[in-house]
Structure formats: structure tokens, C-alpha cells
Amino acid sequence: MNKNQIMSRLLQMLIVLIGISFLTFLLTYLSPGDPARNLFTASGIIPTPEMVEEARVKLGLNKPFFTQYKDWILNCLQGNFGESFMLHKPVAELLMSRLWPTLKLTLASTVLMLVFAVPLGVISAVNHNKPIDYFVRAITFFGVSIPNFWLGLMLILVFCVKLGLLPVVSSAGDFKSLILPAVTLAVAMTAKYTRQVRTAVLEELHSDYVIGARARGVSESKILWGNVLPNSLLPLITMLGLSIGSLLGGTSVVEIIFSYPGLGNLAVSAITSSDYFLVQGYVLWVAIIYMMINLIVDISYNYVDPRMRLRR
């Protein structure tokens with residue numbers, strides 16, 4: 001991907017972000033409830049109509065819709081996403097404080113997944129239609145079928161309640177608190193990626209260049225690790241980028257089960273409390289993170305697959 005292609009992608013990202021920001025603002029604008037009233041009720045105050053109207057004027061909610069959207073997007077460009085009604089702190093500060101815990105959880109679950117998925121997928125592909133292949137496929141079937149919330153609760157029951165080895169309530173700074181949420185997320189990912197690795201390796205093993213290498217007497221291990229596995233990485237990198245983006249923005253269920261202080265937990269609390277500024281800021285942040293990760297994945301193709309560099 002050359003500079004012109006990168007600039008084109010950045011322009012596309014900007015257009016998409018504008019659309020996402022407008023849609024997010026529109027939906028929160030049309031949603032039931034009054035943000036000005038929520039500002040008081042979040043603090044346990046029953047406001048009078050005069051107090052609500054004064055708050056609406058202060059927040060700019062008395063202005064026309066497009067004026068409100070323009071003011072909000074201009075503030076966002078300056079890093080000001082508003083203030084949370086629920087926590088009485090700047091939205092940007094809250095999102096930044098929760099980003100690192102979610103990032104740690106994402107990286108931990110991704111590393112766990114790669115440690116198990118790649119070897120299992122390769123072993124399954126190399127032993128195609130043999131007992132070990134059927135065994136791995138059976139495991140992945142159950143792994144994909146298990147709901148995250150059920151698995152998380154079972155892990156809490158066994159390792160926290162019965163054995164007492166790990167804390168029930170997770171915290172961002174404790175390594176032990178990271179283990180069970182990471183394992184819960186990694187199980188389904190490992191099952192899915194094992195299947196993808198198996199499929200990609202099987203396709204490469206039946207390629208003409210593999211047949212030619214075998215005819216020339218090249219060892220199976222050299223073919224597998226030197227040619228087949230590197231050529232199988234491209235579709236996996238695409239999936240990995242999508243998975244990391246979705247984990248950074250969508251680990252809500254697991255974070256709530258383990259009381260983990262991440263972005264997903266914060267977003268659910270914001271939605272249930274009708275904290276509109278926090279919801280808007282969260283959606284915008286997740287959209288930016290998701291698109292940036294996909295851009296990085298596209299750029300990485302040049303280094304993984306030499307054929308992409310030849311297409312410039």
C-alpha cells in the first residue's frame with residue numbers, strides 16, 4: 001500500500017466517521033428521556049421545571065438539532081466529548097482511563113488464542129481425516145458453541161468459589177484478575193481460529209507448488225514451516241485485525257460478569273443510565289480504533305505477502 005492508497009483510505013475513514021458521528025448523535029437525540037433531567041437524577045436530585053430548562057440552556061439542548069450536532073462535533077475535534085452525567089467527569093478522561101484495561105484484556109486473550117489455535121490448526125490439517133483431526137474438530141465445535149457468559153460463570157464457580165484460587169471481582173491492575181476474563185474470551189476465539197488455520201493450511205497443502213516441492217524431495221517440515229504456513233497468514237491477519245477491533249469495543253458481557261473496569265463495562269453503565277455524552281463518545285472512539293486497526297492490517301499485507309508490493 002503506497003502513500004496515495006493510504007491517503008485514500010484515510011479520506012474514506014473520515015467520511016465514515018462523519019456518518020457514524022451523525023447517526024450516533026441522531027439516535028441519542030431521538031431516544032426517550034431528557035439529558036438535562038438525567039443530569040439531576042444521576043445525583044439523586046428531583047429537579048423543578050425551571051432547573052431543567054436552565055440546564056437545557058447551559059448544555060445547548062434548546063438549540064436546533066443541526067446546531068447541536070455542529071457544536072458537538074467541533075468540540076470532539078478539540079478533544080472535548082462533553083461531561084458524563086453519571087460520573088461527573090470529562091468523557092475523554094473516562095474513556096482513556098478504561099482503554100488500557102480493555103487493551104490488556106484484548107492482548108491477553110489474543111496471545112492465548114494464538115498460542116493454542118495455530119499449533120492445533122496445523123496439527124489438524126497435517127493429520128487430515130485422522131483421529132487427531134476429528135478430535136481437534138470436535139473440541140473446536142464445542143468451543144464455538146459455548147456462550148461466553150455461561151463459560152465465565154462456570155470459571156468463577158470453579159476457580160473462585162470452589163477452589164478459591166482467583167478473585168471473584170476483577171481489577172485492572174492485578175494479573176490474577178486478568179486470567180479468567182482472558183480465558184473466557186480466548187476459548188471461543190481459539191475454536192474459531194483453529195478451524196480457519198486448518199482450512200488455510202489444507203488449501204496450501206494441496207497447491208501445485210507443494211506437490212512440486214515434494215517431487216523434488218523437499219522435506220515435509222521445510223515445506224510446512226517455510227512455505228505453507230507463511231502463505232496461510234494473509235487471511236488470518238485480516239481476521240485477527242477484525243477480532244482485535246471487536247474485542248476492544250465489544251467485551252461488555254465478559255467485563256460485566258467479572259466486574260472488569262473496561263470500556264465495555266463503562267458503555268453498558270452509560271446506556272442504562274442514559275448518559276448520552278458518554279455513549280456518543282464511546283461509539284466514536286470505538287469506530288476510530290476499529291478503522292485504525294483495519295488500516296494497520298492492510299499496511300501489514302505488504303510485509304507478509306510480497307505479491308502485494310508487486311501490485312503497486
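**Notes on an all-chain walk-through**

1. Let's start at valine 297, which is found in helix H14 (helices are DSSP runs of H or I with at least four residues, strands are runs of E with at least two, and both are numbered from the N terminus). Keep in mind that this is a predicted model, where local features need pLDDT of at least 70, side-chain atom pairs count only at pLDDT 80 or more, and totals for chains, interfaces and linings use all residues. Residues are numbered from 1 along each chain as its sequence is written, and side-chain values use heavy atoms, with hydrogens and water left out.

2. Is valine 297 buried or exposed? Valine 297 is buried, with a relative accessible area of 9%; buried means under 20% relative accessible area, exposed means over 50%, and partly exposed is in between, with a 1.4 Å probe and protein chains only. Leaving aside residues up to four places away in sequence, valine 297 touches Ile237, Thr238 and Gly241 (a contact means heavy atoms within 4.5 Å). Leucine 240 is 57 residues from valine 297 in sequence, yet the two C-alpha atoms are 8.6 Å apart in space.

3. Now the overall picture. The chain has 15 helices and 0 strands, and its C-alpha trace spans about 85 × 60 × 30 Å along the principal axes. Of the 312 residues, 40% are buried. Among contacts with a separation of 6 or more, 74% come from residues 24 or more positions apart.

4. A word on surface and charge. The accessible surface of the chain is about 17100 Å², and carbon and sulfur atoms hold 69% of that (Shrake-Rupley method with a 1.4 Å probe; for residues, only the protein chains shown count as cover). There are 24 positive and 17 negative side chains, and the centres of the two sets lie 10 Å apart. Lys and Arg count as positive and Asp and Glu as negative, while His and the chain ends are not counted; each charge is placed at NZ of Lys, CZ of Arg, CG of Asp or CD of Glu.

5. Which residues touch the most other members of the largest nonpolar core? In this core of 27 residues they are Trp72, Phe81, Val91, Leu95, Leu278, Tyr282 and Leu284. Two or more residues each come from helix H1 (3-30), helix H4 (65-77), helix H5 (91-126), helix H13 (263-272) and helix H14 (276-304). H14 gives the largest share, 10 residues. A nonpolar core here is a set of buried Ala, Val, Leu, Ile, Met, Phe, Trp, Tyr and Cys residues joined through side-chain atoms within 4.5 Å.

6. Leucine 95 is worth a click: not counting residues up to four places away in sequence, it touches Leu263, Leu266, Leu278, Gly281, Tyr282 and Trp285. Another core, of 20 residues, lies apart from the largest one and includes Leu178, Leu185, Met189 and Tyr193.

7. Leucine 114 counts as partly exposed, at 36% relative accessibility.

8. On to the rings: the whole structure has 11 aromatic pairs. Rings of Phe, Tyr and Trp (its six-membered ring) pair if their centres lie within 6.5 Å; planes under 30 degrees apart count as stacked, over 60 as edge-to-face and the rest as tilted. Phenylalanine 22 and phenylalanine 65 make an edge-to-face pair, 5.8 Å centre to centre with 80° between the planes. Phenylalanine 22 lies in helix H1 and phenylalanine 65 in helix H4, so this pair ties together parts that are 43 residues apart in sequence.

9. Phenylalanine 65 also pairs with phenylalanine 66: the ring centres are 5.1 Å apart and the planes at 75°, so this pair is edge-to-face. As for cover, phenylalanine 65 is buried at 13% relative accessibility, phenylalanine 22 is partly exposed at 29%, and phenylalanine 66 is exposed at 59%. Ring pairs link Phe22, Phe25, Tyr29, Phe65, Phe66, Tyr69 and Trp72 into a cluster.

10. Last, two backbone spots to check. Most residues other than glycine have a negative phi. Asparagine 129, in the loop between H5 and helix H6 (131-145), has a positive phi of about 60°. Serine 259, in the loop between helix H12 (252-257) and H13, has a positive phi near 50°. Asparagine 129 is partly exposed at 42% relative accessible area, and serine 259 is partly exposed at 37%.
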